[in-house]
Amino acid sequence: MSAPAVAVPIFGPRLVLIDLSTGTPRIISEYTMDGALAGTRQVGSVARVVVHSAPRIFFAPGFAEGAQARTGANRAVIGHATLSSWLPRYALTAGNVQRTGQVGCAAVSHPAALTYSGTSMLTVLTFDLKSGTLGDGQPVTVVADGDTVYSNGSSLYIANDRQWSMPPGAMSAAGAVPGAAVQGAVVQGAPGAAQDTVPATAPVKAPGTAPATAPVTATAAAPRTVPQQYTGLYKFDISGPGRPVYEASGTVPGWLLGSTGMAQYALSEWNGALRVATTTDGAFAGWSGQPPQSAVYVLKQVGNVLVTIGKVGGLGQGEQIYAVRFAGPVGYVVTFRQTDPLYTLDLSDPAQPRVAGELLLSGYSAYLAPIDSTHLIGVGQDANAQGQTQGTQISLFDVSDLAAPIRLAVYHVKFGHSEAEFDPHAFLYWPASRLLVIPVQLPSAVMPQPVPGSGAVPQGGQVPLWPVSEAVVLHVGDHAITELGTITHPMVPGISVAGQIRRSLVVGGALWTLSDTGLKANELTTLTPLGWVPFE
């Protein structure tokens, strides 16, 4: 069967435009598109929304059939699918008017660079928030997949590092695009989406790699060589307020950071050059290969292709990247396995990037925040000599001399973990008062053990096993990080546990913290409680 018995509803991200100009909020317009949200960016009143989608093609179960029969049946279904099954659809509501549409063929492009596209499509939507309605989104689509969005205001990049596509047991020729040389390999899509059956052809050579070899036939005794890891990159021009222009594509070896929230910092454009930091892990998930190694690649657009013009490698041999931050002609990279090398990079010459300095520390930083031209704050984990994490670690670095970075101060929260380690929205630095606020999760006190020989547990010491959540408020001095206090939220009635604090912001003279259960306001300088707004 090639289609369900009934029309497939449009299911995907829902965008709502709300008028807040009056005392009563009013919904002006709503927009929904097939797929899943990859990211959003806003410049002025113009918002860009990136959606990745899969074709609406359905296959018969066929579990009793052999692999060859299923492959043939699936190919037949794909061959009979109509164009409308592939193109993303959208639904728009403006007032009492509802209409649906589909991305037109003229708005769809195919990457010039040899990057895996599978069955997915990336669509960049554009909405002018001052127009009074969302409109059709002016979609621009490229046949590709992506999960990381970065923009510098005039250019928008989408990256796809394909970590999800690592085959569980199939062989792949060294240097070939993963899966291209595997007979009958099947890449599973999202539920209900098409499966991409890889044709049994000669392997495809990825840009910048060694010539591909002939397909390898797997045997029981053959070692599993890790497939090539690379990141696909797609560039759009968003310098104008209207429809973006798809410009170029390219690839670099390796994968971006593991955290979706932090992966965007692995990309940065400066003076027309794109810098990308990746880790290549040759021993991934039991595959044989070389130890992890990391590098920063510099690319420039040549026609419709992003071409590598410079590279600095050898970052943290045997380690993987935990944090990256670029600032103009300078870059900072943290790798970790047992110790935390903080590398400072001189990127002033795009063709000759180089390591300028290195600082070895225990633990690691998972998020780096430049607070001025010569200082960084790092949020991560402390670790012992064996690389075992010990709790939240906040570091202040002096990077005024790239050749000799220095850690000026460090603050520890034993056994703590912070959402700021993987989501930058949880990090707040207020320059006017040099205030730093991050949420921290702490384990509750240990449940007492039974009294020997009695089986009884002392009642006075019993405590809930839920973790404790607090916002740690710090002052960042020239050579010290000082705790000013902590903020907690009230207990939830009937549960005896407080809400997990997720965000903080400054409004006027008040420091607001947001948790799962409500909003709390404290005076900015004294931290005196001002009010509590519970979510009901």
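**Reading the terms of this structure**

Tutor: The protein chain has an accessible surface of about 24700 Å², and 58% of that area belongs to carbon and sulfur atoms; such areas come from the Shrake-Rupley method with a 1.4 Å probe, and for residues only the protein chains shown count as cover. This is a predicted model, in which local features need pLDDT of at least 70, side-chain atom pairs count only at pLDDT 80 or more, and totals for chains, interfaces and linings use all residues. Residues are numbered from 1 along each chain as its sequence is written, and side-chain values use heavy atoms, with hydrogens and water left out.

Student: How many helices and strands are there in the protein chain?

Tutor: The protein chain holds two helices and 35 strands, which are DSSP runs numbered from the N terminus (helices H or I, at least four residues; strands E, at least two).

Student: Why is Phe336 called buried?

Tutor: The term buried requires under 20% relative accessible area, while exposed requires over 50% and partly exposed lies in between (1.4 Å probe, protein chains only). Phe336 has a relative accessible area of 6%, so Phe336 is buried. Of the 536 residues of the protein chain, 47% count as buried.

Student: Why does Ile18 count as partly exposed?

Tutor: The relative accessibility of Ile18 is 42%, and therefore Ile18 counts as partly exposed. Ile18 belongs to strand S1 (residues 14-19).

Student: What makes the aromatic pair of Tyr150 and Tyr157 stacked?

Tutor: Rings of Phe, Tyr and Trp (its six-membered ring) pair if their centres lie within 6.5 Å, and planes under 30 degrees apart count as stacked, over 60 as edge-to-face and the rest as tilted. Nine aromatic pairs are found in the whole structure. For Tyr150 and Tyr157, the values are 6.2 Å centre to centre and 25° between the planes, and this aromatic pair is stacked. Tyr150 and Tyr157 are both buried.

Student: What makes the aromatic pair of Phe336 and Tyr364 tilted?

Tutor: Phe336 and Tyr364 lie 4.8 Å centre to centre with 50° between the planes, and the pair is tilted. This pair links distant parts of the chain, with Phe336 in strand S21 (residues 330-336) and Tyr364 in strand S24 (residues 364-372), 28 residues apart. Tyr364 has a relative accessibility of 10% and so counts as buried. Elsewhere, ring pairs join Tyr31, Tyr90 and Phe127 into a cluster.

Student: Why are Lys235 and Glu247 said to meet in a salt bridge?

Tutor: A salt bridge is a side-chain nitrogen of Lys or Arg within 4 Å of a carboxyl oxygen of Asp or Glu. By this rule, eleven salt bridges are counted. Between the side chains of Lys235 and Glu247, the N to O value is 3.7 Å, and the two meet in a salt bridge. Lys235 lies in strand S14 (residues 230-237) and Glu247 in strand S15 (residues 245-253), so the pair ties together parts that are twelve residues apart in sequence. At a relative accessible area of 9%, Lys235 is buried, whereas Glu247, at 25%, is partly exposed.

Student: What ties does the salt bridge of Glu419 and Arg503 make?

Tutor: The side chains of Glu419 and Arg503 meet at 3.2 Å, N to O, in a salt bridge. Glu419 lies in the loop between strand S27 (406-414) and strand S28 (428-430) and Arg503 in strand S32 (residues 501-507), so parts 84 residues apart in sequence are tied together. The relative accessibility of Glu419 is 8%, so Glu419 counts as buried; that of Arg503 is 22%, so Arg503 counts as partly exposed. A network of salt bridges links Glu419, Asp423, Arg502, Arg503 and Asp516.

Student: Which residues touch the most other members of the largest nonpolar core?

Tutor: A nonpolar core is a set of buried Ala, Val, Leu, Ile, Met, Phe, Trp, Tyr and Cys residues joined through side-chain atoms within 4.5 Å. The largest has 51 residues, and Leu233, Leu267, Ile377, Phe427 and Leu436 touch the most other members. Apart from that core lies another, of 15 residues, including Val330, Leu361, Tyr364 and Ala383.

Student: What value has the phi of Gln138?

Tutor: Phi is near 45° in Gln138, a positive value in a residue other than glycine. Most residues other than glycine have a negative phi. Gln138 is in the loop between strand S8 (121-128) and strand S9 (140-142), and its relative accessible area is 28%, so Gln138 is partly exposed.
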